[in-house]
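Q: Hi! Could you walk me through this one? I'd like to start with how the chains meet and then look at some side chains.

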Amino acid sequence: MDQTSENQFLEAYDAYAEALYKHCFFRVYSSARAEELVQDTFMKTWDYLRKGGQIDNLRAFLYKTANNLIIDHSRRKHETSLEQELEANPGWEPADQQPPPEHQTLLRQVRDSLEQLPAEERQLLIWRYIDDLDPKDIALILEITPNNVSVKLNRAMQLLKRYYQE
Amino acid sequence: MNQFQSQLNKAKHSVRFAPERKAALRHKLAAYMSLRPTNARQGVWHLHFNRLTYIPALMILLVVVGAGAAVAAGTSLPGSPLYVVKTHVNEPVRGALISDDYTRAAYEAELAARRVEEANQLATQGKLNEQIEAQLTTSLDNHVRHIGDRVDQLQAKQTQSAEVQEHLTNAQSLLKEARTKMQSRNYPDAARLGQQAAQAARQLPPGAVKGENTRQQHNNKNLP
């Protein structure tokens with residue numbers, strides 16, 4: 001692997017790290033864990049590339065890798081109930097990275113709304129509205145058709161609507 | 001619902017990756033990358049280490065790897081141990097890091113031209129056999145097909161101007177012509193056509209693709 005490839009990969013880090021961090025944060029509600037996930041995502045992607053793996057769409061590949069890592073993370077946490085998890089993990093540790101109180105309230109409201117949804121719908125809404133991915137991009141990550149993504153997104157919005165009406 | 005979308009939008013902007021944390025992670029990633037040699041390179045080592053008959057080649061390889069295998073791989077030809085580094089590591093990694101369709105199409109044209117040039121060099125050295133030629137032709141066909149895929153993507157996104165279509169179609173035609181020349185064993189002409197194809201794909205006018213990257217980036221940045 002030559003220096004140019006390493007530099008180009010670091011340029012990709014510069015381009016996508018922030019967006020991936022946001023995505024991970026809204027999936028795990030922990031700044032420390034989100035950072036770990038970003039790190040693991042880029043390292044795994046590098047490992048894949050250096051072994052000769054082919055990537056057609058790097059952005060989609062990064063999100064897909066992050067998604068797999070998040071699923072592994074949630075499986076490991078499976079024995080802890082959601083309430084315990086939220087109680088133990090307010091979402092913005094370490095302390096020196098705490099957002100202002102008004103942001104904490106806002107994040108808590110968003111988290112509470114999203115937690116009303118099943119995991120799949122939740123991740124779809126995060127991809128669509130936090131990461132600004134269009135159904136075609138999401139389809140690449142999930143390996144389903146864009147049409148299917150649109151149907152699922154619509155279903156997720158309906159579920160959320162019901163929650164807001166209650 | 002609007003309330004939720006508005007909350008989500010505000011929440012999105014309230015979360016940010018602290019610049020110092022992001023920079024620290026970048027350093028960590030750079031260190032990780034520098035400590036991880038490519039498996040393709042390891043594969044080459046392993047293959048030769050167990051075969052005493054290859055000891056002279058191993059010694060040469062040690063020197064080459066020490067000086068930077070990937071750099072040497074850049075000029076390697078089919079049949080060379082480093083050719084696998086060139087085609088399975090260097091080129092795919094660079095390709096994967098190109099995000100826009102028309103730069104990628106130009107890169108595919110560049111790779112196609114390289115395959116033709118490799119055939120020409122081997123033919124000049126009298127080292128081109130049927131197996132290598134078949135391998136290079138297949139690779140050439142794949143790159144031409146990938147150019148077509150990228151043109152389709154550009155069309156689907158409706159970011160393609162008539163000029164882009166013309167340049168990329170011209171590149172594809174030249175590469176197909178180069179393939180025909182290869183089949184008739186006229187490798188110098190094939191190589192010349194390959195170079196023309198790479199240039200045709202690269203020389204797009206500024207603003208030819210709406211919403212895509214600039215000509216300067218297209219011409220140079222992602223191309224080796």
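A: Happy to. Contact here means heavy atoms within 4.5 Å. Keep in mind that this is a predicted model.

Q: What about polar links? How many salt bridges are there between chain B and chain A?

A: The count is three salt bridges. Between chain B and chain A there are also 11 residue pairs in polar contact, both residues being at pLDDT 80 or more.

Q: Can we zoom in on a salt bridge? Which side chain does B:Lys12 meet?

A: B:Lys12 pairs with A:Asp132, at 3.1 Å from N to O.

Q: Tell me about that aspartate. Where is A:Asp132 placed?

A: A:Asp132 sits in the loop between α6 (119-130) and α7 (135-142) of chain A. With a relative accessible area of 48%, A:Asp132 is partly exposed. The backbone is worth a look too: phi of A:Asp132 is near 55 degrees, a positive value in a residue other than glycine.

Q: Which residue of chain B has a positive phi near 65 degrees?

A: That is B:Arg185, again a residue other than glycine. B:Arg185 belongs to the loop between α8 (162-183) and α9 (187-202) of chain B.

Q: Switching to rings now. How many aromatic pairs are there over all chains?

A: A search of the whole structure gives six. One of them is A:Phe9 with A:Phe42: the ring centres are 6.0 Å apart and the planes are at 80 degrees, so this pair is edge-to-face.

Q: What does that pair tie together?

A: A:Phe9 is in helix α1 (residues 3-28) of chain A and A:Phe42 is in helix α2 (residues 31-50) of chain A, so the pair links parts that are 33 residues apart in sequence.

Q: Are those two buried or exposed?

A: A:Phe9 is buried, at 1% relative accessible area, and A:Phe42 is buried at 1%.

Q: How is the pair of A:Tyr21 and B:Phe17 arranged?

A: That aromatic pair is stacked, with 4.4 Å centre to centre and 5 degrees between the planes. A:Tyr21 comes from helix α1 of chain A and B:Phe17 from the loop between α1 (2-14) and α2 (19-35) of chain B, so the pair joins two chains. A:Tyr21 is buried at a relative accessible area of 2%, and B:Phe17 is buried as well, at 3%.

Q: Nice. Which residues form an aromatic cluster?

A: A:Phe9, A:Tyr13, A:Phe42 and A:Trp46 make up one cluster.

Q: And where does A:Arg27 lie?

A: A:Arg27 is over the face of A:Trp127, 6.0 Å from the ring centre. A:Arg128 is likewise placed over a ring face, that of A:Tyr129, at 5.8 Å from the ring centre.

Q: Last one: is B:Thr87 buried or exposed?

A: B:Thr87 counts as buried, because its relative accessibility is 17% and the cut-off is under 20%. B:Thr87 lies in helix α5 (residues 83-96) of chain B. Leaving aside neighbours within four places in sequence, B:Thr87 is in contact with B:Pro92 and B:Arg115.

Terms used:
Residues numbered from 1 in each chain as written. Chains lettered and ligands numbered in written order. Predicted model: local features only at pLDDT ≥ 70, side-chain atom pairs only at ≥ 80, totals over all residues. Heavy atoms only, no water. Helix = DSSP H or I, 4+ residues; strand = E, 2+ residues; numbered from the N terminus. Buried < 20%, exposed > 50% of the residue type's maximum accessible area, 1.4 Å probe, protein only. Phe/Tyr/Trp six-rings, centres within 6.5 Å; stacked < 30°, edge-to-face > 60°. Lys NZ or Arg CZ within 6 Å of the ring centre and 35° of its normal. Salt bridge = Lys/Arg side-chain N within 4 Å of Asp/Glu carboxyl O. Polar contact = N/O pair within 3.5 Å; in protein donor to acceptor, adjacent residues only side chain to side chain.
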